[in-house]
Amino acid sequence: MGTVLSISPATKKASIMDAEVAGDALKNDKSLKRHSMFVSLSWKKLVSNSAKKSAKKVTPNPLPTRELPSSQVAQLNSENARKTHQTEEKKPKAPIPVPVPTVPTQSGDSVIQNGRLSSVQKQPSSLSLVSPRRIVIQASTGELLRCLGDFMCRRCFKLKELNSGEVILWFRNIDRTLLLQGWQDQGFITPANVVFVYLLCQDAIVDSVDSASDLQGTFQTCLYLAYSYMGNEISYPLKPFMIEANKDVFWETSLRIINRMSAKMLQLNADPHFFTEVFQDLKNQREVSESNLDR
């Protein structure tokens, strides 16, 4: 016959409770270990901080300096001065270089030629002792315009009826037309621009002109180049300057003036001495015309 084993429910419940108690004990053990680890870490940190504070450098109080009496200080200063003086006396004194001026026995410079010393005589210059004077030339725009008109009348002597006022009127009419039509914001007629026009007229206008219309065409061609070169605007129209009957002559005259006078036009703006020379030449045209009238 077999044996039958039976387990009561109370026994099973007791075993389950024992297992739960064992689990709680394990958890409590882990929490205790963790707490002890935290305590140990905090203790180590506290010890390290206290060690750092103790390791700080403490500066001791400086010792009080002992003041020397004034007699001893004076004695030490005199000894130092004496030693310095003795050291300077022991050093060898080098001669100080002094430039010695050389006075030539004869008036002139010496030049070595072929191994021989020869003197070159210099001529005394009276300009070396005289300081250069600054020449100031003043003239108004109206005065320079009259000088320009006088030059045109004297150059074109074949035109008996031509006067300086007519030439000035040609100039002013073109300038006024450009202002009224809005091609320029301000007038072109200034002393510097009148000098520039005179420079071009000196080369372009010849004494063989026997027609007033030809003279006006050539003069207005010079004005067109002057406006294009010296004007404030980028470009100017051709209509006020060009005469319909002389279109081909206008461009031929323009190219001829550019080819011949381009260098002088640049020089007039770059060289003040050249500008002063042309300015003075233009101003002298008035005096020449007055002297001719006196005759």
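The part I have in mind is helix H6, with its pocket and its surroundings.

Analyst: Some ground rules come before the details. This is a predicted model, where local features need pLDDT of at least 70, side-chain atom pairs count only at pLDDT 80 or more, and totals for chains, interfaces and linings use all residues. Residues are numbered from 1 along each chain as its sequence is written, and side-chain values use heavy atoms, with hydrogens and water left out.

Start with the pocket. Helix H6 covers residues 212-230. Helices are DSSP runs of H or I with at least four residues, numbered from the N terminus. H6 and helix H7 (247-270) each supply at least two residues of the lining of the largest pocket. That pocket has a volume of about 200 Å³. Its lining has 15 residues, and Asp214, Gly217, Thr218, Val249 and Thr253 are the closest to the pocket centre. On a 1 Å grid over the protein atoms alone, a pocket is an open set of points where a 1.4 Å probe fits, with protein on both sides within 12 Å along at least five of seven lines; lining residues have an atom within 4 Å of a point. Volume is the space filled by probe spheres set on the points, which are joined across faces, edges and corners. The lining divides into 8 nonpolar, 5 polar and 2 charged residues. Here Ala, Val, Leu, Ile, Met, Phe, Trp, Tyr, Cys and Pro count as nonpolar, Asp, Glu, Lys and Arg as charged, and the others, Gly among them, as polar.

Now look at Thr221, which sits in H6. Thr221 is buried, at 2% relative accessible area. Buried means under 20%, exposed over 50%, and partly exposed in between, with a 1.4 Å probe and protein chains only. Thr221 touches Phe250, Thr253 and Ser254, leaving aside residues up to four places away in sequence. Contact means heavy atoms within 4.5 Å.

Leu223 also belongs to H6. Leu223 counts as buried because its relative accessibility is 0%. With residues up to four places away in sequence again left out, Leu223 touches Phe171, Ile174, Val197 and Phe241. Leu223 and Leu200 lie 23 residues apart in sequence, yet 8.6 Å apart in space, C-alpha to C-alpha.

Val197 and Leu200 are among the buried residues of H5. In that helix, 10 of 14 residues are buried. H5 runs over residues 191-204 and should span 20 Å at 1.5 Å a residue; its end C-alpha atoms are 20 Å apart, which agrees. The expected span is 1.5 Å times one less than the number of residues.
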